Amino acid sequence: MQTPFIPSDDTTHQIAHHIEQILRLMGENAEREGLVKTPTRVGEAMPFLTQGYQQNAEDISRGALFEEDYRQMGVVKDIPFYSLCEHHMLPFFGKAHVAYIPNGKITGLSKIARVVDVFTRRLQVQ
């Protein structure tokens with residue numbers, strides 16, 4: 001099983017520093033009560049929202065491949081996903097549908113949902 005991506009303190013700090021600078025460029029007071037912890041929160045959130053860059057879909061899918069003489073298409077529908085648009089880094093969400101032809105091997109349905117998560121936790125074109 002793949003371990004989740006845990007950002008280094010340096011990564012979190014660098015993201016927080018840049019978010020603070022963005023707030024200042026927007027004309028905001030980064031020290032005001034409602035914003036003072038925002039850069040740190042964003043610094044901690046971004047590695048989670050983009051953890052797909054640290055994961056390998058092949059490793060996940062290989063963990064549940066089984067030999068099976070089954071030839072009908074496998075379908076998993078309505079897999080919820082959450083992602084960030086690569087053009088504006090704004091969130092979007094939806095449902096994914098995945099179909100595959102087994103060709104002698106089948107995979108666990110939960111692995112398909114995990115592979116979808118790997119790719120949607122990266123910046124995407126909507």
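This is a predicted model: local features need pLDDT of at least 70, side-chain atom pairs count only at pLDDT 80 or more; totals for chains, interfaces and linings use all residues.
Trainee: How many aromatic pairs turn up in the whole structure?

Mentor: Two. Rings of Phe, Tyr and Trp (its six-membered ring) pair if their centres lie within 6.5 Å; planes under 30 degrees apart count as stacked, over 60 as edge-to-face, and the rest as tilted.

Trainee: Why is the pair of Phe-81 and Phe-92 called edge-to-face?

Mentor: Their ring centres are 6.0 Å apart and the planes sit at 80°, so edge-to-face is the label. The pair links distant parts of the chain, with Phe-81 in strand 2 (residues 74–85) and Phe-92 in strand 3 (residues 91–100), eleven residues apart. Strands here are DSSP runs of E, at least two residues, and helices are runs of H or I, at least four, numbered from the N terminus.

Trainee: And what makes the pair of Tyr-82 and Phe-93 tilted?

Mentor: Here the centres are 6.3 Å apart and the planes are at 35°, so the pair falls under tilted. Again distant parts of the chain are linked: Tyr-82 is in strand 2 and Phe-93 in strand 3, eleven residues apart.

Trainee: How do you know whether Phe-81 is buried or exposed?

Mentor: Buried means under 20% relative accessible area, exposed over 50%, and partly exposed in between (1.4 Å probe, protein chains only). Phe-81 has 15%, so Phe-81 is buried. Phe-92 is at 14% and therefore buried.

Trainee: What about Tyr-82 and Phe-93?

Mentor: Tyr-82 has 48%, so partly exposed is the call, while Phe-93 at 66% counts as exposed.

Trainee: Why is Pro-47 called buried?

Mentor: The relative accessible area of Pro-47 is 3%, so Pro-47 is buried. You'll find Pro-47 in helix 2 (residues 38–49).

Trainee: What makes Arg-24 and Glu-20 a salt bridge?

Mentor: A salt bridge is a side-chain nitrogen of Lys or Arg within 4 Å of a carboxyl oxygen of Asp or Glu. For Arg-24 and Glu-20 the closest N and O atoms are 2.5 Å apart, and they form a salt bridge. Both residues are in helix 1 (residues 9–25), and because they are four residues apart, about one helical turn separates them. Arg-24 is partly exposed at 34%, and Glu-20 is partly exposed at 26%.

Trainee: How many salt bridges does the structure hold?

Mentor: Eight. Among them is Arg-32 with Glu-28, at 3.1 Å from N to O. Arg-32 has 39% relative accessibility, so Arg-32 is partly exposed, and Glu-28 at 31% is partly exposed. Another is Arg-62 with Glu-58, at 3.0 Å from N to O; both lie in helix 3, four residues apart, about one turn of the helix. Glu-58 has 53%, so Glu-58 counts as exposed.

Trainee: Which residues do salt bridges that share partners join into one network?

Mentor: Glu-20, Arg-24 and Glu-31.

Definitions and conventions: Residues are numbered from 1 along each chain as its sequence is written. Side-chain values use heavy atoms; hydrogens and water are left out.
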